[in-house]
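Let's take a walk through a protein model together. Keep the structure open beside you and find each part as it comes up.

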Amino acid sequence: AGPAASGAAGTCGRSAEAAGPADSMPTSWAACSMAGGGGEVGARAVSSPPLRGLQLVQQGAEARLYRGQFLGRAAVVKFRFPKRYRHPALEERLSRRRTAQEARSLLRCRRAGISAPVVYFVDYVSNCIYLEDIVESTTVRDYITSVQQSGKDTNNLFLVAEKIGEVLARMHDEDLIHGDLTTSNMLLRPPVEELDLVLIDFGLSFISGLPEDKGVDLYVLERAFLSTHPNTDALFEALLKKYSTTSKKSSLVIKKLDEVRLRGRKRSMVG
């Protein structure tokens, strides 16, 4: 990454190119809605950005998200800041592990031909990931909402749903579990008509070949999808149909999804 990268990220950082195969590279990341939920804003002062010239765009419970330039390229930087409520040794171990898994997952996606942001650099000292900024992209959440509100032909939404199903099927066939699937964690590169879908925010991702884990991944998306976008049951059914026809392991996953749905309904009834 050169002298500039060393100055920005410290001696323990590694560039994606220098790291070699995806699974051998410990790391982490995020983009657009990736900093997490409400967060520790207010009581704690926001510290200086990890690199001069970066602008804070989002503060979450787990990370701060910055936007700027890294070695002349538009970049998003996810900084997983220390949590004072954890023991320092535990905090260091957890943050490094989550950072590592997030970057591994991004690289695993790209190796499999699944569109995800490029990992430019990882700093293991400060737990920062420097990533490609998907410039002028829109979240799938915003796209669906805009089409619904405009009253335009919704046929394009079914194409988007099928694209999501196809991409998730390929991701699960790589035994990669996202862990936080929502329409806010999916981007469409411009022009949106080309349906170039980019998966982001792998902060809760992990590797598993179990149909149960993949079924839960789909269930999380279903709950988020239907709560964020009311009256879109047909869209989600189209998504699952495409998932089933694309994935080589879909039969067991869909069976597990049905079981997880049943468990969810029972919990809702019990309260």
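Start with helices H5 and H7, which cross in a right-handed way. A lot of residues take part in this meeting. From H5 come Leu-157, Phe-158, Ala-161, Glu-162, Ile-164, Gly-165, Glu-166, Leu-168, Ala-169, Arg-170, His-172 and Asp-173, while H7 brings Ala-234, Leu-235, Ala-238, Leu-239, Lys-242, Tyr-243 and Thr-246. Sort the residues of this H5–H7 contact by class and you get 11 nonpolar, 3 polar and 5 charged.

How are the two helices set against each other? Two packed helices are described by the angle between their axes and the distance between the axes. Here H7 covers residues 233–246, and its axis lies 7 Å from that of H5, at an angle of about 40 degrees. H5 and H7 are therefore oblique to each other.

## The whole chain

Now zoom out. This is a predicted model, so keep that in mind as you look around. The chain has 8 helices and 11 strands. It is 271 residues long, and 48% of them count as buried.

Which residues touch which across the chain? Take the contacts with a separation of 6 or more: 66% of them are between residues 24 or more positions apart.

On the H5 side you'll find Ile-164, Leu-168, Met-171 and His-172, and they meet Lys-214, Asp-217, Leu-218 and Leu-221 of H6. That contact has 5 nonpolar, 1 polar and 2 charged residues.

Next look at H4, residues 140–150, whose axis comes within 10 Å of the H5 axis and crosses it at roughly 160 degrees. That makes H4 roughly antiparallel to H5. Which hand does this crossing have, left or right? H4 passes H5 in a left-handed crossing. Val-140, Tyr-143, Ile-144, Val-147 and Gln-148 of H4 meet Asn-156, Leu-157, Val-160 and Ile-164 of H5. By class, the H4–H5 contact divides into 7 nonpolar, 2 polar and no charged residues. Ile-164 is worth a click: this H5 residue is listed in the contact with H4, in the one with H6 and in the one with H7.

Time for some loops. Ser-137 sits between strand S6 (128–132) and strand S7 (138–139). Is Ser-137 buried or exposed? Its relative accessibility is 19%, so Ser-137 counts as buried, the cut-off being under 20%. The Ser-137 side chain reaches the backbone oxygen of Ile-134 at 2.8 Å. Setting aside neighbours within four places in sequence, Ser-137 is in contact with Leu-187, Leu-188, Arg-189 and Pro-190.

Follow that to Arg-189, in the loop between S9 and S10. The side chain of Arg-189 makes a polar contact with the side chain of Glu-132, at 3.3 Å. Beyond neighbours within four places in sequence, the contacts of Arg-189 are with Ser-115, Glu-132, Ile-134, Ser-137, Asp-196 and Val-198. Pro-191 is in the loop between strand S9 (186–188) and strand S10 (197–199).

## A few more loop residues

Leu-71 has a phi near 55 degrees, a positive value in a residue other than glycine. You'll find Leu-71 in the loop between strand S3 (64–70) and strand S4 (73–79), and at 38% relative accessibility Leu-71 counts as partly exposed. For Asp-175, phi is near 60 degrees, again a positive value in a residue other than glycine. Asp-175 lies in the loop between H5 and strand S8 (176–177), and with a relative accessible area of 22%, Asp-175 is partly exposed.

Last stop: Tyr-124, in the loop between strand S5 (119–123) and S6. At 6% relative accessibility, Tyr-124 is buried. How many residues apart along the chain are Tyr-124 and Glu-92? They are 32 residues apart, and their C-alpha atoms are separated by 10.0 Å.

Methods:
Residues numbered from 1 in each chain as written. Predicted model: local features only at pLDDT ≥ 70, side-chain atom pairs only at ≥ 80, totals over all residues. Heavy atoms only, no water. Contact = heavy atoms within 4.5 Å. Helix = DSSP H or I, 4+ residues; strand = E, 2+ residues; numbered from the N terminus. Nonpolar A, V, L, I, M, F, W, Y, C, P; charged D, E, K, R; others polar. Buried < 20%, exposed > 50% of the residue type's maximum accessible area, 1.4 Å probe, protein only. Polar contact = N/O pair within 3.5 Å; in protein donor to acceptor, adjacent residues only side chain to side chain. Axes fitted to C-alpha atoms, helices over the stretch in contact; angles between N-to-C directions. Parallel < 35°, antiparallel > 145°, perpendicular 65-115°, else oblique. Left-handed = near helix turned anticlockwise from the far one by under 90°.
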